[in-house]
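This report describes helix packing, strand pairing and the ligand surroundings of one structure. Please consult the sequence and coordinates below alongside the text.

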Amino acid sequence: MTSNTKQQPLFTPVRMGNLELRNRIVMAPLTRMRANNPGHAPTELHADYYAQRASAGLIIGECTEVSPDAYGWADTPGIWSREQVREWRVVTDAVHRKGGLMYAQLWHTGAMSHPDFFGEELPMSASDVNPEQESVTPSGRKPTVAPRSMCKADICQTVVDFGNAAKNAMNAGFDGVQIQANYLYLIAQFLNSATNRRSDEYGGSTENRARLLFEITEAVLRHVEPDRVGIKIGPMHLSGPFAANADTLPDLEYVTGRLNSYGLAHLLLMGATTDFAGSPLEHLAGDGMYRHFRPLYNGHIIANVEMTQERGNSLIEEGLADSIAFGRPYIANPDLRERFLAYAPLNEVDWPTVYASGQNGYIDYPTLEMLTAGANR
Ligand SMILES: Cc1cc2nc3c(=O)[nH]c(=O)nc-3n(C[C@H](O)[C@H](O)[C@H](O)COP(=O)(O)O)c2cc1C
């Protein structure tokens, strides 16, 4: 252990639920569109890619659909079939052989999906409100459509699907599961008063709009111990119906407060991904997000969005976060931990190969060791 290891809070071990993380550097979930096969299963490329990144304290795997109904982004992997579970097992074994730990991220795209995925049938959501975004279909990006409003049976099935997917993830060897509850996807579509116009017990009040989130959480907890379950949330200010409104912050405060009673392993709290100026989230810009939410949540907080080594170290030191998730830096730096340890420069992301296929820009980013060996040759 070098003296750098001792000095940097990012390198101090930390408990997260039932896991003892070797460091506080978390790989954020990153969709990479490499599951281009009819069974929507991960491949050997996934195993190589994640194993390369196993020195993170924890890897959160990419968004993974819980059912065929949840599907809605081309070439992403699912976790509902036997084949998918078998292939995910190859991935988790590869990560574990390198001493790493990995969670699966459970996902339902809802209205972000597209009729192209369902033989021209509409995708489903809380209400028939077009999220006014782009859907990533097998034949490219297309404008989203107004979805069909889910009936009670659809909701019950979706809750069951999340539970089954969580069970599958544990059978596939994951160390835990994270519920994807933010951005523009199904759980957020229910939570958001602009996309949820329901008049039943799933719409109207904050408590009603959050009902699906908690029913899903409880379904997951029927199969996985709470100390192996995390959740990703964060108030967003995006375009169309996903522009922050007067409910956005109170909704998230309510969700955060109620999550305290579940004793989950973590809350991955996303910071601002857009300019909050002039929106009801203005005071949450920068570290304001963590200053606001830290007192509201009594468990492990993973801070995320535009984190640097310095910012991560200081957020942990200040007690505003317990660990730090890095997304884009992990695309190009499989050895992010080693680079932080050495205060080394980072590789740049090659954007055209981020959402692409094959190994280019996926498993061929050089480590510091490879670069040093090359330079000394
Ligand atoms: C290429 C790419 C793919 C992403 N895929 C996912 C995903 O599958 N699930 C998710 O919750 N967030 C996803 N995100 C968001 C990241 O997890 C992370 O929250 C975001 O990039 C902010 O962290 P960063 O500033 O360190 O990149 C993705 C981001 C990028 C850039």
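## Packing of H4 and H7

Helix H4 (residues 152-171) and helix H7 (residues 211-221) have axes that come within 8 Å and cross at roughly 40 degrees. Helices (H or I, at least four residues) and strands (E, at least two) are DSSP runs numbered from the N terminus. Axes are lines fitted to C-alpha atoms, for helices over the stretch in contact, and angles run from 0 to 180 degrees between N-to-C directions. The crossing of H4 past H7 is right-handed; a crossing is right-handed if the near helix is turned clockwise from the far one by less than a right angle, and left-handed if anticlockwise.

On the H4 side, the contact is made by Ile155, Val159, Val160, Phe162, Gly163 and Ala166, and on the H7 side by Leu212, Glu215, Ile216, Ala219 and Val220. Residues are in contact if their C-beta atoms, placed from the backbone, lie within 7 Å. By class, this contact has 9 nonpolar, 1 polar and 1 charged residues. Ala, Val, Leu, Ile, Met, Phe, Trp, Tyr, Cys and Pro count as nonpolar, Asp, Glu, Lys and Arg as charged, and the others, Gly among them, as polar.

## Basis of the model

The model is predicted: local features need pLDDT of at least 70, side-chain atom pairs count only at pLDDT 80 or more, and totals for chains, interfaces and linings use all residues. Residue numbering starts from 1 along each chain as its sequence is written.

## Packing of H2 and H3

The axes of H2 (residues 44-52) and H3 (residues 82-97) come within 8 Å and cross at roughly 25 degrees. The two helices are therefore roughly parallel to each other, a term for angles under 35 degrees. His46, Ala47, Tyr50 and Ala51 of H2 meet Val90, Val91, Ala94 and Val95 of H3. This contact has 7 nonpolar, 1 polar and no charged residues.

## Barrel and hairpin

A barrel is closed by 8 strands in the order E3-E4-E5-E10-E11-E12-E13-E14, with parallel pairing. Strands pair if DSSP finds at least two bridges between them.

Strands E7 (residues 134-137) and E8 (residues 140-143) run antiparallel and are joined by 4 bridges. They form a hairpin with 2 residues between them.

## Ligand surroundings

Of the 19 residues around the ligand, Ala28, Pro29, Cys63, Gly327 and Arg328 come nearest; a residue is near if its C-beta atom, placed from the backbone, lies within 6 Å. Strand E4 (58-65) and helix H11 (328-332) each supply at least two residues of this shell. The shell has 10 nonpolar, 5 polar and 4 charged residues.

Technical notes:
Angles under 35 degrees count as roughly parallel, over 145 as roughly antiparallel, 65 to 115 as roughly perpendicular and the rest as oblique. Two residues are in contact if their C-beta atoms, placed from the backbone, lie within 7 Å.
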